Amino acid sequence: MQSPYDVLEVSPTARDEDIRKAFRRLAKKLHPDLNPGDKAAEARFKQVTAAQDLLLDPEKRKRFDAGEIDASGAEQASRKYYKDFANGADAARAYHDSSGFADFSSADGLFAEILRRQAEQLASAPGADRLYRISISFLQAVNGATERLNLPEGGALDVVIPPGIEDGQALRLRGKGMPSRGSGPPGDALIEVSVQAHPLFVREGNNIRIELPISLKEAVLGARVRVPTPSGEVMLTIPKSANSGTILRLKGKGVARKSSPGDQLVAVKLVLPSKADAELEAFCKNWTPDPDDDPRGGMQA
């Protein structure tokens, strides 16, 4: 990072008046309003502005010369955080104080007015947005919830999770971001939501899919069985002769959106006994199925 003296092309012994003159000379060449579309000139103008701000602040200049801060004003020895300075008088000085532009009034009134207007705009600019991340359970995402987010800089936010939020979506909390460096409103807090996977449920749009194991007896004769849903267990009727892959629908038991709540899709999965059953084996040996009912009928390589 260049020294502010090198940026302004002045010596370390330069007086305040020498620094102002150097800034005026460079600013008249580099100001973005006089160089529209020139990114290099814009970047250089920001450099000379920051250099002037640092060197015209007696305390900052003294600390820079002593090696306590770098050319950007950042601490050299130990790290400081924004909250340490957010309420200090220096926080808004660069935006409220236009004295650095005063000498332009006699030399170039139009240019001085451009700089003053820019300073006023910066003073009323809102604070920066802050990005946070929060991890929630699958059921919280489906049903909605309120989750407390502990902030790394201290404090906490109560985040209202709307029903149906999806993984990767972001919530905006107005006015919960960084304070303005001037008189503008605070920025917003952007909460990026990460949704954890669930061991039973899979989301498909507004619908929820679940695989339901059933016994051979339940598949052949039909049954009434309990099925978990995101809002609690319900009873489901298994029809007779239900095959694996049969889809049964539970209306309104999917994502709990007010406008268009989803359904729960129950995929039936036939599960045979884990241990050999002599009675079942004997029945199958003596049972002659309908020859027209071939489960592999029509299969061709």
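Entry 1: I began with Asp 290, which sits in the segment after helix 10 (278-286). This is a predicted model, so I keep that in mind for every entry here. I looked up the relative accessible area of Asp 290 and found 47%, which makes the residue partly exposed. Asp 290 also belongs to a negative surface patch, together with Asp 292, Asp 293 and Asp 294.

**Entry 2: around helix 4.** Next I went to Asp 57, in the loop between helix 3 (39-55) and helix 4. Is Asp 57 buried or exposed? I found a relative accessible area of 9%, so Asp 57 is buried. A side-chain oxygen of Asp 57 comes to within 3.1 Å of the backbone nitrogen of Glu 59, at the start of helix 4 (residues 58-65). After helix 4 I noted Gly 67, which has a positive phi, near 80°.

**Entry 3: Asp 263.** I then turned to the loop between strand 10 (247-250) and strand 11 (264-270), where Asp 263 is found. Asp 263 has 8% relative accessibility and counts as buried, since the cut-off is under 20%. What does the side chain of Asp 263 reach? I found the backbone nitrogen of Gly 252, at 2.8 Å. The side chain of Asp 263 also meets that of Lys 251 in a salt bridge, at 3.8 Å from N to O. Both partners lie in the loop between strand 10 and strand 11, twelve residues apart. Lys 251, at 70% relative accessibility, counts as exposed, whereas Asp 263 is buried.

Entry 4: How many salt bridges does the structure hold? I noted 20. One of them pairs Arg 209 with Glu 204, with the closest N and O atoms 2.8 Å apart. Arg 209 is partly exposed at 30%, and Glu 204 counts as partly exposed at 36%. I also looked up Arg 226 and Glu 233, whose side chains meet in a salt bridge at 3.9 Å, N to O. Here Arg 226 counts as exposed, at 57% relative accessibility, and Glu 233 counts as exposed too, at 54%. Lastly, I wrote down a network of salt bridges that links Asp 129, Arg 172, Arg 174 and Asp 188.

**Entry 5: Gly 184.** I finished in the loop between strand 4 (170-173) and strand 5 (189-195), which holds Gly 184. Gly 184 is buried, with a relative accessible area of 18%. The C-alpha atoms of Gly 184 and Pro 126 are separated by 4.6 Å, although the two residues are 58 residues apart along the chain.

Definitions and conventions:
Residues numbered from 1 in each chain as written. Heavy atoms only, no water. Patch = residues over 30% accessible without salt bridge, like charges linked within 9 Å, V, L, I, M, F, W, Y side chains within 5 Å. Areas by Shrake-Rupley, 256 points an atom, 1.4 Å probe, with all protein chains shown as cover. Salt bridge = Lys/Arg side-chain N within 4 Å of Asp/Glu carboxyl O. Lys, Arg positive; Asp, Glu negative; His and termini not counted. Charge placed at Lys NZ, Arg CZ, Asp CG, Glu CD. Helix = DSSP H or I, 4+ residues; strand = E, 2+ residues; numbered from the N terminus. Buried < 20%, exposed > 50% of the residue type's maximum accessible area, 1.4 Å probe, protein only. Polar contact = N/O pair within 3.5 Å; in protein donor to acceptor, adjacent residues only side chain to side chain.
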